[in-house]
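Take the helix packing first, then the aromatic rings. Two packed helices are described by the angle between their axes and the distance between the axes.

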Amino acid sequence: MEAKSTTTPSTVLGRQLGDELRRLRERANLTTADAAEALDCTKGKISRIENGRVTVRLPDLTAMLQAYGVADGEVLPRLSALAKKANRRRRESWWSQYGPVLADTYRDFIALEAIAGSIRTFQAQLIPGLLQTPDYVRAVTVASQQWQTGDEIEKFVQVRLARQDRLTGESPLQLWAVLSEGVLLQQVGGPHVMHAQLQHLLTASELPNVTVQVLPFSRGAHASMFGPYVVLGFREEGALDVVLADNPTGSIWFEREAEVARYQDLFDAARTSALSPVESRTVIQRRAKEHRT
């Protein structure tokens, strides 16, 4: 593995910038909704800027300071310099070395995952990326037909495995995954790969920060059948969750509170309908044995 998934320096600088912008907004007695209206954007964007999670461009920075009534001529150059430094360090993050192998949406997801405090995900057909084995990742990557050469495939595998460092070390990510029973049956890479993958899933589920539940076929129709999604949560006070949902033509970000709340409700319904973690382990063990035979 060539890369390690760690919180990047841009997070520190981005938060420093965000903290200053938050103080200026509060000094102007404006809410995030007020700021969003002034900038003609969503509350989610204001929250992500203030929590150091996204690139801040000069036009947005200028508009924010104008909206907050900042008259000090030294503030814009100072914050602009800070933003440029944060943006440059963001570009130097570990995943930046993989360039064209990563789509823009996936790159954005990795950047957010690197600083997220929690992930709640429902998966209908695949093991979550954070819990995949190298052979499983490789089989999924080949099947996607998005990468043409062996080198591109291996680079994508390295990226996915590097992301998994978020589950260990200091301040590990809290992962809660609900898997359709079909995920355990799908022959990704063949029976040997699936047996090893499900054994790895069992091992990962023993981590104190990882919860895995299986939603069995016997539960019938449910609201999450339309496709997989990921809800990313952040530790900062007041930070808004964001959602990445997949569909056959790509992935879509949702950041409006009503949209995010809908996915939070979907996940709560899925985990409530699913087997308990203990019952789920029993099912996973049984399916692993079936793949071995």
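Helix H7 (residues 134-144) packs on helix H8 (residues 150-163) at about 130°, and their axes are 9 Å apart. H7 and H8 are therefore oblique to each other (under 35 degrees is roughly parallel, over 145 roughly antiparallel, 65 to 115 roughly perpendicular, the rest oblique). Their contact (heavy atoms within 4.5 Å) involves Pro134, Val137, Arg138, Thr141 and Val142 of H7, and Ile153, Glu154, Phe156, Val157, Arg160 and Leu161 of H8.

This is a predicted model: local features need pLDDT of at least 70, side-chain atom pairs count only at pLDDT 80 or more, and totals for chains, interfaces and linings use all residues. Residues are numbered from 1 along each chain as its sequence is written, and side-chain values use heavy atoms, without hydrogens and water.

Helix H2 (residues 32-39) and helix H3 (residues 43-50) cross at roughly 110°, their axes coming within 8 Å. That makes H2 roughly perpendicular to H3.

The whole structure holds eight aromatic pairs (ring centres of Phe, Tyr or Trp, its six-membered ring, within 6.5 Å; planes under 30 degrees apart are stacked, over 60 edge-to-face, the rest tilted). The rings of Phe122 and Tyr229 have centres 6.0 Å apart and planes at 25°, so this pair is stacked. Phe122 lies in strand S1 (residues 118-123) and Tyr229 in strand S4 (residues 229-233), so the pair ties together parts 107 residues apart in sequence. Tyr229 also pairs edge-to-face with Tyr263, at 5.2 Å centre to centre and 65° between the planes. Ring pairs link Phe122, Phe226, Tyr229, Phe254 and Tyr263 into a cluster.

Conventions: Axes fitted to C-alpha atoms, helices over the stretch in contact; angles between N-to-C directions. Helix = DSSP H or I, 4+ residues; strand = E, 2+ residues; numbered from the N terminus.
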